[in-house]
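Subject: A structure to look through

Hello,

Please find the structure below, followed by some notes on what turned up in it.

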Amino acid sequence: MGLPHYQHYINGKWCPPSNNDFIESINPYTAKPWCLIPRGNANDMNQAIEAAHLAFTQGEWPKMNATARGALLRKLGDIVSQHAEHLAQIEVTDNGKLIAEMSAQLHYLPQWLYYYAGLADKIEGQVLPIDKADMFNFTLYEPLGVIGAITPWNSPLLLMIWKLAPALAAGNTFVLKPSEFTSASAFEFAKLVEQAGFPPGVFNVVSGTGQEVGDTLTAHPLVAKIAFTGGTQTGKHIYQQAATHLKKVSLELGGKSPNIVFKEAHLENAAKGVISGIFAATGQTCIAGSRLLVEKSIHDEFVEKVVAIAKTAKMGNPLSYETQVGPVTTKPQYEKILSYLDIAKAEGAKCVLGGSKATRPECGDGWFIEPTIFTSVNNNMRIAQEEVFGPVLSVISFEDEEEAVYLANNVIYGLAAGLWTQNMQRALNLSKRLQAGTVWVNTYRTLSFMSPFGGYKQSGIGRESGQEAIYQYLQPKCVWISTATEVPNPFIMRLK
Ligand code: TXE
């Protein structure tokens, strides 16, 4: 029996790729292909963009008011909720993340649809008490147009919904290019959009590589904005492409987040927080707490605690609820992580746990890496500065609060930071001084549809989730209405 084939979803129709070419999607647990996704090209992408543009300018969608858009998003939320378990299974098969995490993620995902459904008709302009006589002035918030979304392989649907829910609530239309490594769930999701009854062209999915379809999306003049999550290098390339037509962008990029542990912290909780920061999702998350900054006086005791928990991690089939560390999603990523293990060792870091690929019998042929901890890391080493995106923790010690802040901020990234302390004054002061879009105190890796998320420095541009996010898919317009009976001197600007 052949592998299941997916098709592009363009203008409300299922279409084979125009060159009839497909890409094998590999299950990282078996290292074998399990389905085929279309290898799109510029022709496919152009069709999707044109359909989205038509849907934005004509037909049902632009006539629909915000309340009606909200109702449709709510309906989609209900449908996604009914199919959450199926979507979770697809994602686990495609990207190897744990079913325990993906099931929870997919059951939570509709919250973004409900939140922005509710927000859709609460976007209010203002009447401005303008400083000119006989003049009425007010603001309107209008959608941008076609949104091009480019998503990565680590949490495909979650990172898509962060873009889709506010974009559609605001009245835009959407073209999605999922990662070529994990596109299946996007097509499964498109079936649910179809079922919800969105007008054709409002939501489109074209799969393929960054070079073959991504570049067409980012360079197309009819695309108003690119919303991207992925690697920093790709993000910079997209930013340049988008500049050609001065497209708006939001970029959610890499990180090298510190998890900072002070001696007065609740050390048992802090150790669990450090584990969740780096070994959950096999370290393949932008918010990975990949640098453990620990106060020197508790260094040995604390590292021992972390190592003790990490040692108990059960590896194996991500579809089993027992598994705690799954495979790496892609072969290139697996090779990248292995190369960083060599780099760290060559730099003089001391490997106190793992440090190699995992050959445990329960790992089969999958792309597994042993949970790895390096001590004696200096913040200038590559292992402390560059994003590894795997289960690899670098431990760096500090003398005092000043040094902790210096080390935490001394990277090009600024996505997140964790702080473990029982000292409230310190928690508040450092929350302000850490250069990161998210600071967690006595917790790590927690997210909500209500809370804006995004990066400082080279971790990105813009915010996703919360009320902030919808304004990134809207543009303000000022309307001036004169009630004067006469037009004043036309040769000078009207300032009075
Ligand atoms: O990401 P890419 P890759 C980081 C992580 C990882 C590294 C490389 O460090 O090791 O990036 O991973 C699309 N025009 N993150 O190579 O290339 C691509 O097809 C338009 C962090 O897999 O950034 C996919 O859909 N699009 C991260 C998306 O970009 C292009 C999540 C992401 O892939 C393109 C993933 C192009 N020219 C990786 N080239 C996070 N922030 O969570 C590629 N793409």
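A pocket here is an open set of points on a 1 Å grid over the protein atoms alone, where a 1.4 Å probe fits, with protein on both sides within 12 Å along at least five of seven lines, and its lining residues have an atom within 4 Å of a point. Its volume is the space filled by probe spheres set on the points, which are joined across faces, edges and corners. The model is predicted, so local features need pLDDT of at least 70 and side-chain atom pairs count only at pLDDT 80 or more, while totals for chains, interfaces and linings use all residues. Residues are numbered from 1 along each chain as its sequence is written, and side-chain values use heavy atoms, without hydrogens and water.

The largest pocket holds about 880 Å³ of space, and among the 37 residues that line it, W153, F228, G230, G231 and T234 lie nearest its centre.

By an automatic or database domain assignment, the protein is divided into domain 1 (8-253 + 459-478) and domain 2 (258-441). The largest pocket lies between these domains, because both give residues to its lining.

The C-alpha centres of domain 1 and domain 2 lie 31 Å apart, and the contact (heavy atoms within 4.5 Å) takes 27 residues from domain 1 and 31 residues from domain 2. Across the interface the rule finds 1 salt bridge, meaning a side-chain nitrogen of Lys or Arg within 4 Å of a carboxyl oxygen of Asp or Glu.

Best wishes
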